[in-house]
Amino acid sequence: MRVLSGIQPTGNLHLGNYLGAIRNWVRMQDEMDSESQCFFFLADMHSITVHEGREQRIRNVRDMAAALVASGIDPDRSVLFNQARVPAHAELCWLLNGTARIGWLNRMTQFKDKVGKDREGASIGLFVYPVLQAADILVYNATHVPVGEDQKQHLELARDIAAKFNTDFGVELFTLPDPIIPKESARIMSLRDGTAKMSKSDPSDMSRINLTDDDDAIMQKVKKAKTDPEPLPETAQGLAGRPEANNLVGIYATLSGRTADAVCADFAGKGFGAFKPALGELLVETLRPIRSRFMELRTDDAALDAILEKGAAKAAAAADPTLRAAYDAMGLMR
C-alpha cells in the first residue's frame, strides 16, 4: 500500500486544515505496516496559479513543513517533501498532457467555480491543474489517495488518464488509485459563517483559529464566534438548521474524540455562554503543544530545508522508475 497526499503551502496552518486532513494523515502514518509507505508533499508547483512573491512562497513552504512536523508527521517514517524538489512531477505532467483530453478538463467543476465568468482571463496552469495532480499521484504508483468531496472528481480524472495511457501504449504502467475517504474527517466551518469552510483566504482573521494564535487569541475568537440564541439540544438532531451551533459542537466532538450526541447531552439546555469557554479551553490545551513545536521549528530554516531535501531524495528515487518507463513506453529516447 502506498498512500500519497498533498497540501497547498499557504503559510500558516489553521484549525480546518488540522482537523480536516492532517490528523488523519498522522493516523494513517501511525497505522502503516512495514511494507506500506506514506508520501506527503507540499504542492508548491500548484501554488503558482496564484501570483505570489518569491520570498513569501519560500516562507510558506517552510512554514507548512514546520506545521506538518509539529502536528505529528514524522519525516523518518513518512516521505515529506516539496513538489518543486522532485522534477519528475513536472516531467510526467507534460507527458500526460498528451493523454488527457480537453473535454475531460472542461468538466472539472473546481475550475468552473474558481474562474466564474472570467474563463478567458484564467491561467493555463489553473486549467491543467488536475493533470499535474494526476502526475503527482501516478508517478509514485500510489494505491490510495485521501480525498475530500471537492477532490473526488480530480482523482477520477487521474484514473481515466492512467487507464488511457496504459491502453494507448499497451503497458500496465500506472496503478489506478483508490480514494481514501476518512470516516472521521471533520469539515470545519468559519467561526463567522457556519455555511462557509474555514479558510485562510477569508478577509476576517476572526473566522479561523490559526496554529500561531496564542491562548488569549483562541479564547477571544471562540467567545466572539457567531451563534444563535437557542440553548444546546439534547441530541445532535436538534442542531439541524443551526449551522454555527452545529459547527462549534462538531469542533468540540472532534477534539475530544466523542460523538456530537454525547457533547449535546453534556451541555443540553445550556447556552453558548457556558459552552464557548469549555470549547476554548479544549482548543487551547490541544493546540498549545503543536504551536510551541511549530514556533520552535520555523526559526530554523536550515533544519526545515534538510527535512525537505531528505524527503525529496526518497521521493525522486521512488518516482524515477515510473518516469523512465513512461518515456520508454512513448518512444522518447533519453
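A crossing is left-handed if the near helix is turned anticlockwise from the far one by less than a right angle, and right-handed if clockwise. The model is predicted: local features need pLDDT of at least 70, side-chain atom pairs count only at pLDDT 80 or more, and totals for chains, interfaces and linings use all residues. Residues are numbered from 1 along each chain as its sequence is written, and side-chain values use heavy atoms, without hydrogens and water.

Helices here are DSSP runs (H or I, at least four residues), numbered from the N terminus. Helix 2 (residues 54-71) packs on helix 11 (residues 272-297) at about 140°, with the axes 8 Å apart. That angle makes helix 2 oblique to helix 11; oblique is what remains after under 35 degrees (roughly parallel), over 145 (roughly antiparallel) and 65 to 115 (roughly perpendicular). The crossing of helix 2 and helix 11 is right-handed.

Helix 2 makes the contact through Asp 63, Ala 66, Ala 67, Val 69, Ala 70 and Ser 71, and helix 11 through Ile 290, Arg 293, Phe 294 and Leu 297. Contact means heavy atoms within 4.5 Å.

A cavity is a set of points on a 1 Å grid over the protein atoms alone where a 1.4 Å probe fits but cannot get out; lining residues have an atom within 4 Å of a point. The count is one cavity of 30 Å³ or more. The largest cavity holds about 70 Å³. Its lining consists of Met 108, Gln 110, Phe 111, Lys 114, Leu 126, Tyr 129, Pro 130 and His 154. Helix 5 (109-115) and helix 6 (124-138) are the elements that give two or more residues to that lining.

Key
Axes are lines fitted to C-alpha atoms, for helices over the stretch in contact, and angles run from 0 to 180 degrees between N-to-C directions. On a 1 Å grid over the protein atoms alone, a cavity is a set of points where a 1.4 Å probe fits but cannot get out, and a pocket is an open set with protein on both sides within 12 Å along at least five of seven lines; lining residues have an atom within 4 Å of a point. Grid points are joined across faces, edges and corners, and a volume is the space filled by probe spheres set on the points.
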